[in-house]
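Dear colleague,

Please find the structure below. A short account of what was found follows it.

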Amino acid sequence: MLARLYSVTLEGIEGVVCEVEVDVSRSGFEKPIVVGLPDAAVKESSERVRSAILNSGFKYPDTQWLVNLAPADIKKVGPAFDLPIALGMMTGTGALTGDELRQYVIVGELALDGRIRPVNGVLSMAITAAANGFSRMIVPLENAEEAAVVEGIEVFGVGTLAQTAGFIAGQLPLEATCVDLEDIFGKASLYDVDFADVKGQETVKRALTIAAAGGHNVMMIGPPGAGKTMLAQRMATILPKLTMAESLETTRIYSSVGLLDRNTALIATRPVRAPHHTASGPALVGGGTMPRPGELSLAHHGILFLDEFAEFPRNVLEMIRQPLEDGTVTVSRAKGTITFPARFILIAAMNPCPCGYFGSTDRRCRCTPNQIERYLGKVSGPLLDRIDLHIDVPPVGFVKLRSQRKGLGSDEIRQQVCTARRIQAKRFDVSRCNGKITTNATMTHRQVEQFCRLDTHAEMLLKQAMTEFGLSARAHDKICKVSRTIADLDNSPDIKPEHLTEAVSYRKLDRKL
């Protein structure tokens with residue numbers, strides 16, 4: 001009368017193995033009971049399970065039943081427990097044997113007619129199941145390829161409750177789902193846009209190449225229609241291709257919030273997120289009663305593009321300061337603390353003034369000095385300090401706009417970026433950074449002193465810039481890191497004065513406007 005089987009619940013984006021105990025008793029319960037900190041979706045499973053069992057042609061228990069979801073101190077969320085509860089109930093009535101069930105980790109939502117619907121977070125669940133020593137997993141058919149990318153576990157996709165029961169009873173053989181990862185990456189790692197589409201803006205392309213090579217954050221300032229959005233959308237096309245580990249990290253975030261396409265097993269292109277400037281703090285950073293990832297985490301290993309940067313509420317912008325430094329977002333609630341990954345390249349874009357034409361030679365600015373000062377003052381100094389490159393994006397003239405000549409394409413620029421990244425990978429492996437430091441932008445102050453040594457001429461240039469612009473210690477380190485990246489792009493072991501001069505030229509907002 002007691003069935004015991006295994007499932008997985010999500011805590012943030014991490015999976016937790018749960019033991020599902022189903023007791024089909026002859027007395028003692030007035031109604032079906034689910035215990036173990038279930039949320040509303042789990043509590044409502046009793047009605048879905050009852051209809052699914054009856055409509056699939058199986059016997060429903062004449063007596064009431066109790067379900068315990070252990071460990072009892074972890075909140076159980078979502079409808080993924082429907083299928084294991086139904087199978088446990090069928091074991092209690094003798095339709096299945098419990099020994100077979102305990103070999104599998106089982107997840108799935110039930111429809112009233114017995115169909116099995118897909119659930120969120122299956123990739124994280126499969127990773128957790130494999131890490132806890134399970135070798136077999138039963139998932140909804142539409143989630144099978146997503147789970148099958150995890151090594152060390154056999155994944156069986158099922159479409160109905162009857163099919164699942166037949167498979168477990170040995171009456172209906174099923175083949176484990178297999179995926180070709182090379183084929184998935186080959187088909188999915190293609191972009192629809194290219195840097196060759198952008199006319200002119202060679203100076204800005206150069207700055208974005210530096211940002212991609214070193215993982216630096218960027219601020220683009222220019223009038224409306226200059227091409228800021230177009231450039232930002234193509235930034236991901238010049239970054240190195242996602243590795244398998246990076247793809248898994250990114251995919252599990254999207255899977256946990258239900259943003260992964262059901263026909264997609266893995267995300268093979270770097271994500272580009274562009275939230276609207278009316279987005280709230282929890283939407284951007286993450287949060288909620290049951291914390292879930294925000295836009296910063298959805299941009300993990302990709303690009304976070306914040307257009308109309310100065311229009312975001314100041315308190316919202318201040319929330320991204322710490323994630324820019326740490327590469328993680330920590331959401332604290334009374335019930336616990338959850339950490340989400342958030343290692344991305346920030347690309348911010350803004351106009352130089354409310355009307356957008358301050359400093360333009362083509363159109364007259366209508367803003368007063370006070371309006372311009374208030375507008376630029378919406379972005380705090382500490383936040384600007386964390387942005388490595390400040391770039392002017394001038395309007396494109398008619399001749400360049402109509403020219404048929406194409407500039408460098410994304411593939412050519414990506415080759416330069418990948419060469420610089422290989423130099424950095426070799427450098428940081430030698431310094432035994434344990435994989436925590438992968439780009440110049442993530443260097444610590446100690447590593448800046450070690451890898452960004454300057455000659456006498458470069459020292460004088462940096463001293464002059466620090467004095468004239470009133471730069472902070474953080475801005476000092478940012479300039480050194482950008483200089484190191486420029487030297488890597490030139491395949492130079494040393495930082496030369498011209499590298500430092502170019503890096504200083506990208507600190508536009510530190511100067512007096």
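In which sense do strand S2 and strand S4 pair, and over how many bridges? Strand S2 (residues 14–24) and strand S4 (residues 65–70) are antiparallel and pair over six bridges. Here, two strands pair if DSSP finds at least two bridges between them; strands (E, at least two residues) and helices (H or I, at least four) are DSSP runs numbered from the N terminus.

This is a predicted model, in which local features need pLDDT of at least 70 and side-chain atom pairs count only at pLDDT 80 or more, while totals for chains, interfaces and linings use all residues. Residues are numbered from 1 along each chain as its sequence is written, and side-chain values use heavy atoms, without hydrogens and water.

Elsewhere, five strands form an open sheet with parallel pairing, in the order S11-S14-S17-S10-S18. Strands S11 (272–273) and S18 (389–392) each have a single partner strand, so one side of each is left without a neighbour in the sheet. S11 pairs with strand S14 (residues 303–306) over two bridges, and Arg273 has Leu304 in S14 as its bridge partner.

Finally, helix H22 (residues 473–489) has 14 of its 17 residues buried, so it is largely enclosed by the rest of the structure. Buried means under 20% relative accessible area (1.4 Å probe, protein chains only). Just after H22, Asn491 takes a positive phi of about 60°.

Definitions and conventions
Buried means under 20% relative accessible area, exposed over 50%, partly exposed in between (1.4 Å probe, protein chains only).
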